[in-house]
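Me: I'm new to reading protein structures. Could you go through one with me, feature by feature?

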Amino acid sequence: MTRRCPSCRQPAGERGVNRFFPFCSDRCRLLDLGKWFDGRYRVAGEPAGGDEAAPGTGEGEPTEGPDPGQEPGSGHLR
Ligand SMILES: [Zn+2]
């Protein structure tokens, strides 16, 4: 009884003879595996939001406070 390669539909040979069973070749095996992985990763993979933009939580000295009158050339010269 021969099975067919799930990837390319060609006879995959027999178990024990073909080390890539039930695929016909290593290539088809990887191909199918890749397809499988791709679908899975696409579902699980979501864009992670950057969690590093929250200045102003420290209660120390104001490093860059909005101080009108003390800014030497605030974008006017450049
Ligand atoms: Zn194949």
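Me: What joins phenylalanine 21 and proline 22?

Reply: Start with the general idea: most peptide bonds are trans. Here, phenylalanine 21 and proline 22 are joined by a cis peptide bond, with omega at about 5°.

Me: What pattern does the protein chain follow along the sequence?

Reply: Read it as a list of elements in order. The pattern is β-β-α, made up of one helix and two strands. Strand β2 covers residues 11-13, and helix α1 covers residues 26-44.

Me: In which element is confidence lowest, and in which is it highest?

Reply: The general idea comes first: where pLDDT is low, the predicted coordinates should not be read in detail. In this chain, α1 has the lowest confidence, with a mean of 81, while strand β2 has the highest, at 93. Across the protein chain the average pLDDT is 78, and 67% of the residues score at least 70.

Me: What is the phi of arginine 9?

Reply: Most residues other than glycine have a negative phi. Arginine 9, however, has a positive phi near 70°. You can find arginine 9 in the loop between β1 and β2.

Me: Why does arginine 9 count as exposed?

Reply: Count its neighbours. Arginine 9 has 10 C-beta neighbours inside 10 Å, so it counts as exposed, because the cut-off for exposed is 12 or fewer.

Me: Why is arginine 29 partly exposed?

Reply: Arginine 29 has 19 other C-beta atoms within 10 Å, and a residue needs 20 or more to be buried, so arginine 29 is partly exposed. Arginine 27 is also partly exposed, with 13 C-beta neighbours inside 10 Å. Of the 78 residues in the protein chain, 5% count as buried.

Me: Which residues is arginine 29 in contact with, leaving aside its neighbours within four places in sequence?

Reply: Look for partners further along the chain. Arginine 29, which lies in helix α1, is in contact with Phe20 and Phe23.

Conventions. Residues are numbered from 1 along each chain as its sequence is written. This is a predicted model: local features need pLDDT of at least 70, side-chain atom pairs count only at pLDDT 80 or more; totals for chains, interfaces and linings use all residues. Helices (H or I, at least four residues) and strands (E, at least two) are DSSP runs, numbered from the N terminus. pLDDT is the predictor's confidence in each residue, from 0 to 100. Two residues are in contact if their C-beta atoms, placed from the backbone, lie within 7 Å.
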